[in-house]
Protein chains: 4
Amino acid sequence: MRKTSRLKHLINSRNLEFLMEAHNGLSSKIVEETGFKGIWASGLSISAGLGVRDNNEASWTQILDVLEFMSDATSIPILLDGDTGYGNFNNARRLVAKLEQRNIAGVCIEDKLFPKTNSFINGQAQPLADIDEFCGKIKAMKDTQTDEDFMVVARVESFIAGWGLEETLRRAEAYHQAGVDAVLIHSHRSDISEIESFMKEWQGRLPVVIVPTKYYATPTKRFVDMGISVAIWANHNLRTSIAAMQKISKQIFQEERIANAESEIASLEEVFRLQRAEELQEAEQKYLPSGNRGS
Amino acid sequence: MRKTSRLKHLINSRNLEFLMEAHNGLSSKIVEETGFKGIWASGLSISAGLGVRDNNEASWTQILDVLEFMSDATSIPILLDGDTGYGNFNNARRLVAKLEQRNIAGVCIEDKLFPKTNSFINGQAQPLADIDEFCGKIKAMKDTQTDEDFMVVARVESFIAGWGLEETLRRAEAYHQAGVDAVLIHSHRSDISEIESFMKEWQGRLPVVIVPTKYYATPTKRFVDMGISVAIWANHNLRTSIAAMQKISKQIFQEERIANAESEIASLEEVFRLQRAEELQEAEQKYLPSGNRGS
Amino acid sequence: MRKTSRLKHLINSRNLEFLMEAHNGLSSKIVEETGFKGIWASGLSISAGLGVRDNNEASWTQILDVLEFMSDATSIPILLDGDTGYGNFNNARRLVAKLEQRNIAGVCIEDKLFPKTNSFINGQAQPLADIDEFCGKIKAMKDTQTDEDFMVVARVESFIAGWGLEETLRRAEAYHQAGVDAVLIHSHRSDISEIESFMKEWQGRLPVVIVPTKYYATPTKRFVDMGISVAIWANHNLRTSIAAMQKISKQIFQEERIANAESEIASLEEVFRLQRAEELQEAEQKYLPSGNRGS
Amino acid sequence: MRKTSRLKHLINSRNLEFLMEAHNGLSSKIVEETGFKGIWASGLSISAGLGVRDNNEASWTQILDVLEFMSDATSIPILLDGDTGYGNFNNARRLVAKLEQRNIAGVCIEDKLFPKTNSFINGQAQPLADIDEFCGKIKAMKDTQTDEDFMVVARVESFIAGWGLEETLRRAEAYHQAGVDAVLIHSHRSDISEIESFMKEWQGRLPVVIVPTKYYATPTKRFVDMGISVAIWANHNLRTSIAAMQKISKQIFQEERIANAESEIASLEEVFRLQRAEELQEAEQKYLPSGNRGS
């Protein structure tokens, strides 16, 4: 089954499904090996991994380069956290064409302005996109895709921006009419009350995706009960790698040796395994004359 | 002081100094914050992070793109693990020009053939570069640099390839005559005997760099006693991030929730701090009219 | 003298100076060999050369990649036609840092909105940037440059947008106060009347740059008399290459042979000369052992 | 019909067919509009356009970026002049995967060593690839393609290298057995005698492609009579654009005005037409709310 079709099934499944964050080829591979059915290519995590801010400091083609490595390293579908689509409808439809080429299964765009700021920074001060303009963007994206199962998800930022339930419903419905495949309702509260109020009124018109980064304490059972389609664990691989690298770097710096680190970290052989070194050795047997590495 | 000059001082210091591996902007920043004086841009780690093999699967300009993010995120010098220079002398001298532009302080090239294979995979079967050809490459690189403190380090692979001490000395001396700034003597033994035999004969003709990945149990004190200039902790940030991501991904996959993960990982605020979000907020105060995010 | 200093001198010279358009490494080299003192890296020409529209379809880092080839191929300064700076003040200041690294001597930004549309398409319908926001962008750029001679030129689009002389003067003066090094006054009239009206009021507060694409029939002597600093021949290498390629392609297609084309086009030897093949052959003599091409 | 299938038909057609060189998106578009059925993405022309030498100075991913623009701008198939495959079998099979993603219809690889030198520079001194190693590369490429019509063409350089007919036949047959879809027989003689001697012995075992750059005076009728499948006009768009840009640059430099140039070059409207500006204006009508350009 194509990656797009797999993401479509996942989003439209009757069960609550999960996407796990990755931000480069390596973390993507780990997400797949763990058993997850799909990957969230987080804009925050990708930019943090690169060493820049989540404010469109990396260009959209630099993000595309990261995605290509992620897609090549894995066989499960990837949903891109595509900010605002990196410009207007024309930039967004170009993005769709480029994502399809790199076998990315779908993209989520948010109703903010370019260049974006992360929703958890200064969220309330951020203006939202004009609804009609955003709907035009959605239409242009859906008209551009050549794989009918490519997914476009609209992320509604009105709770974050302080506009409340009514505006959130109005936007979600407008994006629905414009043709999106799902809505992602974002909230920065530490409880799930905003999402809950939305779900009651929404009544399953389209699948709903959530990102429980701030309301992490809410039991997953409640997401199921509300009828949420997909929950995204949005930045945890990045955050654990930060903690781990800070710890090991500090330990090695202080001890001036690596002997004590050896047992806590992946072995070199595990690195080679993740890189699929064995497949290359087999291929060398097959394609190289004996004693020749080729040039 | 320029990054190149800082690396030069570090390599020529009388004390044993350390370089810590990084493979993207984020890990580079962590290495700097920890207190290390320099960064080892590991070819293995960078390729593994991207999700490809350490066999020149990523192009040399894709490596350059990673390095640019690493350099932009930090103020300490970076020494690139530059494989074979990615081709012949002409490719290698182009590399030097491009590294200088991106403020990379130096590059280490190894006397193997393009495309390379990691030294810890099937090392003994790997043919070495012709000495004269490799010396020509070194000369071309030294003639190309415009910053006189840019460092070119020659990595001698003859121990790994099974040629023993005599060939290692012959190569190191040839590279010395060709103009390198230091030699990196590589060994895949679990003890330091090969390095030790070299140091006895070498007699400090040039600074010596080592990578104790396999002989990690050797006390650092012995490196000092032998007169080693730089020890490189070559892949430990990558390896700890693998272990950490595998663990957290598995935990979240099994528990279907993130609440228990929260305490073990870096906070969102720590992510924003590493990205220097605050500097941007201050800059917005300075450069944006009130109530306007700009476009 | 640094490329930045050469561009600064050129802009501040008492004589009328000229910049000639180039859009890739090859055309840049030709501009330099012809004798021009500087290159205009035209956004229209670069995008057309790539095969996309002049609406920020190519990402800013794709433009940067083109510029790097242009700069590496030449020794005269390049002034980038940098659209709106590719986003807000933060994108624009990142651009400055990246241009300096690639040895680009200056950038011209225009007071329109991202994504831009070429000024000669539907110009009057295009909204202009908020003046305060644009001035903040200029300040951020000037504060970012590390080479004091790096040039930031502000392109005033108010004549094109139909706002007339008063608004043009108001904007030019505001940008002047914000710290730009020159203003580019753009007009799509087929005569020079708009520019003339501006020059009378401006009184040389800052150097003025013009782009006479539409008023090409105006004698250059009049630019001198008005006190114009720099005239940009903005897209003529692109346009002549289009005409030439259309002609030769048609001829070869129809004749089904190349014999008749041979005399009208550059020889293969001229291609090799422009690529500096000879320097490489000399370097091979110097750096390669005899009979070895290296790897 | 897919681009790959169209190239396959063209190569296997009973008639002599032609490929015309292009080196960026713009020239590709012109080749298509002229009526040609396919494009030759010349390594020499692409490198010259970028401003570098035809010696793998541009990385293989930089070439890929150029190809992506070329493919996006056109609907006819592109055959890449892929040098040696940019490394060994593993690099070459990665290339195939990346070309398929970017909708490139086929690739021609030559039996030389990485990094390559243009065949018309110092050809006779160039060593050839080991036959077994090159056959392994071909097999790896054919095993990698997922579109069964993707074309792999083997370019035999033994005439150029001075090895004569027998070696050329031996190599062509070996590559045939290894699975290539056609052979390109290259010659730097100013007459077609080498090609003719080959065709007599070859007896149509596989389609034969030629590049008559040096024997341009040979009537095309003779190619037909010999049973050549495809003739490539390999660098003429590049070479005419050089002549044209040198001429117009010189004229404008000397006259210090553009008025006389105007009539000889493509109009601005023609530039916009080639960029398909009209499609965007229509799309703006469709996707943008009135009076809003989006962001």
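**Reading rings and copies**

Q: Where do Phe198(B) and Trp202(B) lie in chain B?
A: Both sit in helix α8 (residues 193-202) of chain B, four residues apart, about one turn of the helix. Helices are DSSP runs (H or I, at least four residues), numbered from the N terminus.

Q: What am I looking at?
A: This is a predicted model: local features need pLDDT of at least 70, side-chain atom pairs pLDDT 80 or more, while totals for chains, interfaces and linings use all residues. Residues are numbered from 1 along each chain, chains are lettered from A and ligands numbered from 1 in the order written, and side-chain values use heavy atoms, without hydrogens and water.

Q: How many aromatic pairs are there over all chains?
A: Rings of Phe, Tyr and Trp (its six-membered ring) pair if their centres lie within 6.5 Å; planes under 30 degrees apart are stacked, over 60 edge-to-face, the rest tilted. The whole structure holds 26 such pairs. Phe198(B) and Trp202(B) are stacked, 5.1 Å centre to centre with 25° between the planes.

Q: Are Phe198(B) and Trp202(B) buried or exposed?
A: Buried means under 20% relative accessible area, exposed over 50%, partly exposed in between (1.4 Å probe, protein chains only). Both Phe198(B) and Trp202(B) are buried. Tyr215(C) and Phe223(C) pair edge-to-face, at 6.3 Å and 90°. Tyr215(C) is buried at 0%, and Phe223(C) at 1%.

Note on methods: Helix = DSSP H or I, 4+ residues; strand = E, 2+ residues; numbered from the N terminus.
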